[in-house]
Amino acid sequence: MIFMDSSVAIKVENLSKCYKLYEKPTDRLKESLHPLRKKYHRDFYALQHVSFDIKRGETVGIIGKNGSGKSTLLKMITGVLTPSAGEISVDGKISALLELGAGFNPEFTGVENIYMNGTIMGFSKLEMDAKLHDIIDFADIGDFIYQPVKMYSSGMFARLAFAVAINIDPDILIVDEALSVGDVFFQNKCFKKFQELKAKNVTILFVSHDMGSIKQMTQRVLWLKQGQQTMFDTTEVVCEAYFNEQLNMQNEWNQDLDVVKDKILADIIKNDGKMILPKLYTTGKKLVSDDVEIKSFFIKDNAGKQVDYLKVDHEYTAVLGAQFSNAMSNLIFGFVLENNKGIVILGVNSFINGNEKLIEVTRPCVMMVEFTFTLPRILKGDYLVSPAVAQGVQDKNVILTWLPSIAHITIENFGYNLSLIEIETGVKTTEYQPDCVEFVE
Amino acid sequence: MVFISFLLDIMRSRNLLWELTKKDFQIRYLGSYLGMIWAFIQPAITILIFWFVFQVGFKSMPVGDFPFILWLVTGMFPWFFINDSINSATGAIVENSYLVKKVVFRVSLLPIVKIISAFIVHLFFVGVLFIMFLSYGYLPTIYSLQVIYYIFATICLLLGLSWLTSALIIFLKDVGQLMAMVLQFAFWMTPVFWNFKIIPAKYVIYLKLNPAYYIIEGYRNCFIYHRWFWQDMNVTIYYWSFTIIILLVGAVTFKRLRPHFADVL
C-alpha cells in the first residue's frame, strides 16, 4: 500500500504493464507453472512508468492514439488486469465502462443484466429494484429492455451499459470510449449526467478521441504515447501540445511521402522554362481513366506557398493538374471538401463556378486548373479534399477520374466554432410595449 | 486457516452465488419449452433405459438380495453428479469470459456455481433414490443419513478438480477433450455397472485407488450394504489425502494462473 492523503482518489505510481508474447499458448502455461521460473516469452510494454494522481471529484481525460495504452491503463485501475510493476491505490467504489458491454451476458434480457450487474457490484435485489427505474429511464431503449442483449444495436448496448454504470452510485467513474457509439442525443445526455456526477464529487476518468469533449469536460489530461506518459497537466496545456504535435506529424508525413521536396513555392517556372508541380501520390484503387490522370493537386496561399493548414477568411487557390493523353471535350474539373464525418462542406467545379462553360482539350497536354476562393468561416478541424475530372454537363456526366480524400487539410478558425458554418448576420433589436403587439394565428 | 477464510468468503458471496446459479440454469435451458425440467428428464430416461435393459430384458440377477436396478441407480446417480460437475465446471471460466475481462469479479466462484447447479439436480435424484427404495419396500435406515457425508466428500473432490481443469483449459484447449476421455475411462473403472466382487482379489486394491470408487461404494454403503464409512478406515484416509492434495494443487494452480486469465481470454 502506498501512502495516500484523503483528497486523492486514484494514485498510480510507476505503473507498467508488460505483455508477454508467447510463440504458443502452451508456453504461457509452462512458464507460470515452471518451478524454476524459466522464461518463455518476449516482452512487450503496453504501458511503462506511468505515475499520476487524481483528486477526488476531478475529471481527467486520457488521450493518445490507438494502441498507446489508454485502455490497458483503465483496465488496471479497474482491477481487471494485473499490473506487471508499480502500484495503484484506489479509494472508493469504481464503476467502469470498459470497451463496449460491461459484464453483460448476451443471452439475458436488459433487465436481467441490470440485476446481474448489480449483484456483481454487491447490491441486493431490493436495492436494485430501487435503481431499476432510473436505469431504464436513462437508457431509454423502449421495449428492447425486455429483449436479450444480443438483439441490441451497439448504440443500445452502450446506452444500457452507461445507464447501469452511472446509476450504481460510484465514487469513481471510468469510461473508455464507450460514448462514441451513442447518437448525439445520448452523448448530450451523458455529458449532462457527467456534470451532475461532478457536482456530487464523483471522480471521472475518461478516454476520448474527441478533443472537443475533452476540452469541455476535463480539468486535467493525461497524454499517452506508445505506453509512455508524455504529459499530465491542465487540459489547456496538454491539448495545445497535442494539437501542435499532430500538425508536425502531418507535415512530416507529407515529407515522408515526398509530395513536395521543398514546400516553399509550388508551380514556379524553373530556369529551363519548365514548370514545377508537386506530384500527387495515389495509393490503392481509385477511379482512374486511361485518357486522363490527375497528376497534381494542392492548395496554395496568396504568396504561392503550398499549404495544408488553412485559415478562414483567407484567400487560397486550389490547383489541379491533369494529364491528357487524347483530345477530349466537354470537360468539368472540380473538387469537394469533406469534414471528418464525411459531410461535403464545399463543392467547386469549373462548370458551376465557371459560367457553365465546358472545357475542351484539343491535344495531349497537361491542363492546369486553378480555383481561387476565400475560405468561408467553417468549423475548425480536419478536412479531406477529393479532386475529380468529369465529362458532360452538371446533371449528366461521366466521372473520368476521381481521387477521394487524397489531400488532408487542417482548417483553423479563431472564432467561436459553434456550427459548421458561421455567417455574417445583421442583428437589430427593438422593444415594444406588450399591448402594442398582437399575435395573430 | 486459509480454508476457513475461504469458507467465510463463500458465505459472504452466497447471494451472488445463488444468483449466478439461477442464471446458470436459466442459460442452459433458455428457449426450450420444458426449461429446467430437461435437467431431470435426461438422467431419468437413462435410468429408465437401464432398468428396461437389465431388469426386463436381461433379467439381471439381484445383487445380494437387492434388485439389480436399485443397486445400479445407487451407483449411477452419484456418477451423474461427478460427470456433470466436471464437464460443466471445466468450461465455466471460458464460458463467462465477459465477467473476467470486463468487470472485477471473483472468478474462482464460477466453477463453484457449476458444481452447485449439478448439486441441485443431484439432490432431486437423491430424493428419487429414497422413493425407489420405498417403492421396493425398503425403509430408510440410520445409515441413509451417511449420504450427507458422501455428498460433502464428493463436493470437496469436485471443487479441487474443477479449479484445476477450469484454469488449465484457458491455456490449453486440449484439457476439454482430455477430461471427456478421462471421465469415460473412469466410468468403466468405477464399479457403477459391475460389482467389484467379480474382480480377482489381487486387483481390487488397484481399483480402490480410484477416488470415485470410494464415492460410489459409499452410496451403496448408505442404502444397501449398511456400513459406516469409518469401518473402511484405510480407504477413507486414502480418499481424503487424495482429495486434499487435489484441492491444494487446484487452488495453487488457480491462484498462480488467475492474473493471466484476462490476458489470454
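This is a predicted model: local features need pLDDT of at least 70, side-chain atom pairs count only at pLDDT 80 or more; totals for chains, interfaces and linings use all residues.
Two strands pair if DSSP finds at least two bridges between them.

**View 1. Strands E12(A) and E16(A) run antiparallel.** Strand E12 covers residues 315-324 of chain A, and 10 bridges join this strand to E16(A).

**View 2. An open sheet of three strands in chain A.** The strand order is E10-E12-E16, with antiparallel pairing. Which strands form the edges? They are strand E10 (292-301) and strand E16 (365-374) of chain A, and each pairs on one side only. From one strand to the next, the twist averages 15 degrees.

**View 3. Strand E17(A) pairs with E13(A).** E13 spans residues 328-339 of chain A, and E17 spans residues 381-393. Nine bridges link the two in the antiparallel sense. Look for Leu331(A): opposite this residue, in E17(A), stands Gln391(A).

**View 4. E17(A) and E18(A) make a hairpin.** Two residues lie between the strands. Strand E18 runs over residues 396-402 of chain A. Six bridges hold the antiparallel pair E17(A) and E18(A). Gln391(A) has Val398(A) of E18(A) as its bridge partner. Gln391(A) also stands opposite Leu331(A).

**View 5. E17(A) also pairs with E19(A).** Strand E19 takes in residues 407-412 of chain A. Five bridges join E17(A) to E19(A), and the two run antiparallel.

**View 6. Helices H4(A) and H5(A) pack against each other.** A packed helix pair is described by the angle between the axes and the distance between them. H4 consists of residues 125-139 of chain A. Its axis lies 8 Å from that of H5(A), at an angle of about 140 degrees. H4(A) is therefore oblique to H5(A). The crossing is right-handed. H4(A) contributes Lys131(A), Asp134(A), Ile135(A), Phe138(A) and Ala139(A) to the contact. From H5(A) come Arg159(A), Leu160(A), Ala163(A), Val164(A) and Asn167(A). By class, this contact has six nonpolar, one polar and three charged residues.

**View 7. Phe157(A) sits in helix H5(A).** The helix covers residues 154-167 of chain A. Is Phe157(A) buried or exposed? The cut-off for buried is 20 or more other C-beta atoms within 10 Å. Phe157(A) counts as buried because it has 23 C-beta neighbours inside 10 Å. Ala139(A) is 18 residues away in sequence, and the C-alpha to C-alpha distance to Phe157(A) is 9.1 Å.

**View 8. Chain B where it touches chain A.** In this view, 22 residues of chain B are in contact with 23 residues of chain A. Which elements of chain B give two or more residues to this side? They are helix H2 (14-28), helix H6 (97-101), helix H12 (233-257) and helix H13 (261-264). H2(B) provides the largest share, five residues. By class, this side of chain B has 14 nonpolar, two polar and six charged residues.

**View 9. Chain B has 13 helices and zero strands.** Of its 265 residues, 32% are buried. Among chain B contacts with a separation of 6 or more, 78% join residues 24 or more positions apart.

Methods
Residues are numbered from 1 along each chain as its sequence is written. Chains are lettered from A and ligands numbered from 1 in the order in which they are written. Helices (H or I, at least four residues) and strands (E, at least two) are DSSP runs, numbered from the N terminus. A residue is buried if 20 or more other C-beta atoms lie within 10 Å of its own, exposed if 12 or fewer, and partly exposed in between; C-beta atoms are placed from the backbone. Two residues are in contact if their C-beta atoms, placed from the backbone, lie within 7 Å. Ala, Val, Leu, Ile, Met, Phe, Trp, Tyr, Cys and Pro count as nonpolar, Asp, Glu, Lys and Arg as charged, and the others, Gly among them, as polar. Axes are lines fitted to C-alpha atoms, for helices over the stretch in contact, and angles run from 0 to 180 degrees between N-to-C directions. Angles under 35 degrees count as roughly parallel, over 145 as roughly antiparallel, 65 to 115 as roughly perpendicular and the rest as oblique. A crossing is left-handed if the near helix is turned anticlockwise from the far one by less than a right angle, and right-handed if clockwise.
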